[in-house]
Amino acid sequence: MALTPVLRPGHRATGSVVYACGMGAMFLGQRVLGSGTTAWILTAVGFVAVAGAFGARLMSLARARLGDRTGQSGLALLYGLGLASLVAYVLSSEILLLTLGTSLDRHAPSLDQALETLWPALWLAGSLPVLFVELAYRSMRRAPVFERGRLRTSLLAGVGVAFALVFAFATVYTGRITDVRWDVSYFRTAKAGDSTRRIVEALDKPVTITTFFPPTNDVAREVDAYVGQLQDLSPLLKIERYDHALDPGKGRELGVTGNGVIVVRRGTMRRQIGIPLELERARPELRKLDQQVNKTLLTVTRPVRRVYFTRGHDERVFKPVTDTDRRSTLSHLERTLEDEGFDVVELSIAHGLGAEVPEDAAVVVVMGPMKAFLPEEAAALQRYVQQRGGSVLVALDPEVGLGFEGLLAPLGLAFTPTLLANDLVHWRRTGQASDRANVATVSFGTHVSVSTLAKLGMQAPVVFIGAGALTSLPDAKPAAEPVIFSDANTWADVEPDFEPGPTEERTTFTLASAVSFALPDPQPAGRLLVVADADAFGDVAMQNPGNRTLFADSLHWLSRDETIVGEVASEEDVPLTHSKKQDLAWFYLTSFLPPASVLILGTLFTRRRRAERARDEHLNPQHTGRPPEAAATERKEAV
């Protein structure tokens, strides 16, 4: 580093203060006020101040000592860049039009655009390094020697930061204008799932799938590949392909107004599925295409059926009614029923539950009651299942503390309202000990209602957010068939502390049981499915694919659609969920770790360079250009 034996540089920061004030006046006049007499006065004063500072700096450069010429010439160059940026701004702004009645864009539009882009870069390159140079001067006010190298380093550092900011702004601006995006996410059109294939194979009347797409469209190829998987499954399924632009008559016949539509029809019943024509926009729809087709096929091939939900015992509801009821709602379950083509109806004692279940009931659902059923209501449900061949789904909550003996005992089951817990296999939600009550399991029987879950195994665990236990009564005929079991490390948490006590044995519990009541021909068998946790069908648990599969297959079995039980294919991304503590940890990790790493590495690198320089000065003081006494003094100050 070059040094000059000048003890006090003859520099004052007055010129830079005037320069900064002039830039501030220009900004206030043009960007804050914009118009008016005050704005013009500030603009003129600012321009004159910057020009005056530039002229004064040139005069200072002419009188500068030999050792101070580096700093003065650098400041003069920076002032000149700042003044040039103001000139470029004036030429490309409306100032010429308001003062001279003409503007640069009328005579040289290309030059006007170039100046419009250039002046911010010149302004930044001519203003930010001034601060760095002035700070370098200030740090050497009491230095024993004047270091020109420090000024040069500060000047280059300021220019480098200014150029980096210009590059960043230009990159962001260019990206916003061009709006070019790259999608590197996983994408694949969903294949036809087992459930959809079984619906097609079980067709008893002709069904037609008609697609409307341009012939060379990328989305059309994806849709054709999907419907092609269904074409050979049943002779009753017909596939038609049209281009709405060439066959508008067919579009009018099916109520289609343009391309990008799939029509599924059976007789006079028809439903439409809309898909965008651009592949980028169509990807979310193509990922869940099998779900849409499955739902539409069920709608057009199955008659409208009714599912009755019992009311009057503080059961779970589809939407929150009061602020005091914190239980999970059933909005997802309601949408699933509507997608399957069911009408959802309430059934209470006011609607006749105390006498008989309505004749048009396909399934009756008892979802999380908090009060016991009246004997007349329990008897009506018993007759509906055991004498009329009806189907009932019962889901109970252990938090209520009721065993519902009047409802379950005649059907051959008993419910133990003691909360189950597991410290090894559970669903973590809050990171607290209470999470041990969120029992998760992949242990399933061979019953039809859990056949898909048994096939998926570890890929689709089912979560029970606070479950009790079911047992089959010894004299029950027919005996209940357990269909879902807990992990072997589960215990009944008699003392609600979520810790296994000395009397709380780890064992396997029954979480769901199914019963079939055979009736004389031609009556169908009555069907009953009891689940030891209503939260398993709540909106929170239904976010889990395993719980959604459990409800779908249970519904198909209860409504006697077991032929279509199976997996519905989906390539849709599964959202990642974190607890509040995990989100907080990720926030602090990503916010503070990168800058802390840069700071630590920079500190280590700087200390290493200082140590190497101090060692070199100690060993070879004659090569530093300074007297040994000065180097020794600096080392003592550093220590």
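A search of the whole structure finds 20 salt bridges, a salt bridge being a side-chain nitrogen of Lys or Arg within 4 Å of a carboxyl oxygen of Asp or Glu. The model is predicted: local features need pLDDT of at least 70, side-chain atom pairs count only at pLDDT 80 or more, and totals for chains, interfaces and linings use all residues. Residues are numbered from 1 along each chain as its sequence is written, and side-chain values use heavy atoms, with hydrogens and water left out.

Side chains of opposite charge can pair when their charged atoms come close. Helices here are DSSP runs of H or I with at least four residues, strands are runs of E with at least two, and both are numbered from the N terminus. Lys250 counts as buried because its relative accessibility is 16%; buried means under 20% relative accessible area, exposed over 50%, and partly exposed in between, with a 1.4 Å probe and protein chains only.

The closest N and O atoms of Arg316 and Asp397 are 3.0 Å apart. This pair links distant parts of the chain, 81 residues apart: Arg316 is in the loop between β7 (305-310) and α13 (331-339), and Asp397 in the loop between β10 (391-395) and α15 (405-408). Both residues are buried.

Arg436 and Glu499 also form a salt bridge, again with 3.0 Å between the closest N and O atoms. Arg436 lies in the loop between β12 (420-421) and β13 (438-441) and Glu499 in the loop between β18 (491-492) and β19 (510-517), so the bridge ties together parts 63 residues apart in sequence. Glu499 is partly exposed, at 39% relative accessible area.

Strand β9 (residues 361-367) has 7 of its 7 residues buried. β9 runs parallel to β7, joined by 4 bridges, and parallel to β10, also joined by 4 bridges; strands pair if DSSP finds at least two bridges between them. Val363 of β9 stands opposite Val307, while Val364 stands opposite Val392 in β10.

Finally, helix α18 (residues 580-619) contains Arg610, which counts as exposed because its relative accessibility is 55%.
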